[in-house]
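Let's take a walk through this model together, with the sequence and the 3D view open beside the text.

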Amino acid sequence: MAIQRTFSIIKPDATERNLTGAINAVIEESGLRIVAQKRILMARREAEAFYAVHKERPFFGELVDFMISAPVVVQVLEGENAVLRYRDVMGATNPANAAEGTIRKRFARSIGENSVHGSDSPENAAIEIAQFFSGNEIVG
Ligand code: ADP
Ligand code: MG
């Protein structure tokens, strides 16, 4: 399996509780490498564009409001099979269904305020990374 990159966001519920380092420790312990990272406050348009795939869902407005409510940390993670591996490290969308030891089981507050985002495919990872990072900001 080739080295792959995925896109991660540490969400507002986690940055507000000062959990950036704790979540990064789980990421690094899993063997994934943080090859780019920055703390930003997303603009409404940016959050709407990022989650455009969900725009018809009933929770879309709530999701956008949440994502711009406090700073987030956007990241590029690198490793073998990084996309699927990070989905495993994150755990299920709803923390009630997340496996023991996963980020969402340990830290998420609810299905909406669930502490982290991770890309769901290599194609989406490339699109999401390009939305927030230029090539020279990623150092593997
Ligand atoms: P994931 O982040 O696990 O890929 P989705 O892509 O299905 O999950 O949803 C994107 C985000 O939208 C979730 O991480 C969560 O923050 C929010 N969300 C998903 N489902 C709900 C829901 N039923 N109610 C409120 N927010 C939700
Ligand atoms: Mg998703």
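## Pocket, helices and rings

The largest pocket has a volume of about 680 Å³. For this search, a 1 Å grid is laid over the protein atoms alone, and a pocket is an open set of points with protein on both sides within 12 Å along at least five of seven lines, while lining residues have an atom within 4 Å of a point. Grid points are joined across faces, edges and corners, and the volume is the space filled by probe spheres set on the points.

Please keep in mind that this is a predicted model, in which local features need pLDDT of at least 70 and side-chain atom pairs count only at pLDDT 80 or more, whereas totals for chains, interfaces and linings use all residues. Residues are numbered from 1 along each chain as its sequence is written, chains are lettered from A and ligands numbered from 1 in the order in which they are written, and side-chain values use heavy atoms, with hydrogens and water left out.

In all, 26 residues line the largest pocket, and Tyr51, His54, Phe59, Leu63 and His117 lie nearest its centre. Helix H4 (60–67), H5, E4 and H7 each supply at least two residues of this lining, and H7 gives the most, with four residues. Helices (H or I, at least four residues) and strands (E, at least two) are DSSP runs, numbered from the N terminus.

Now for the rings: the whole structure holds four aromatic pairs. Rings of Phe, Tyr and Trp (its six-membered ring) pair if their centres lie within 6.5 Å; planes under 30 degrees apart count as stacked, over 60 as edge-to-face and the rest as tilted. Two of the pairs are set out here.

| Pair | Centre to centre | Angle between planes | Type |
|---|---|---|---|
| Phe7 and Phe132 | 5.3 Å | 10 degrees | stacked |
| Phe50 and Tyr51 | 4.9 Å | 80 degrees | edge-to-face |

Phe7 lies in strand E1 (residues 3–10) and Phe132 in helix H7 (residues 122–132), so their pair ties together parts that are 125 residues apart in sequence. Phe7 is buried at 0% relative accessibility, and Phe132 is buried at 7%. Phe50 and Tyr51 are buried as well. Ring pairs link Phe7, Phe50, Tyr51 and Phe132 into a cluster.

Finally, Glu137 sits in the segment after H7 and is partly exposed, at 35% relative accessibility. Glu137 and Ala36 are 101 residues apart in sequence and 6.4 Å apart in space, C-alpha to C-alpha.

Methods:
Buried < 20%, exposed > 50% of the residue type's maximum accessible area, 1.4 Å probe, protein only. 1 Å grid on protein atoms, 1.4 Å probe; cavity = no way out; pocket = protein on both sides within 12 Å on 5 of 7 lines; lining within 4 Å.
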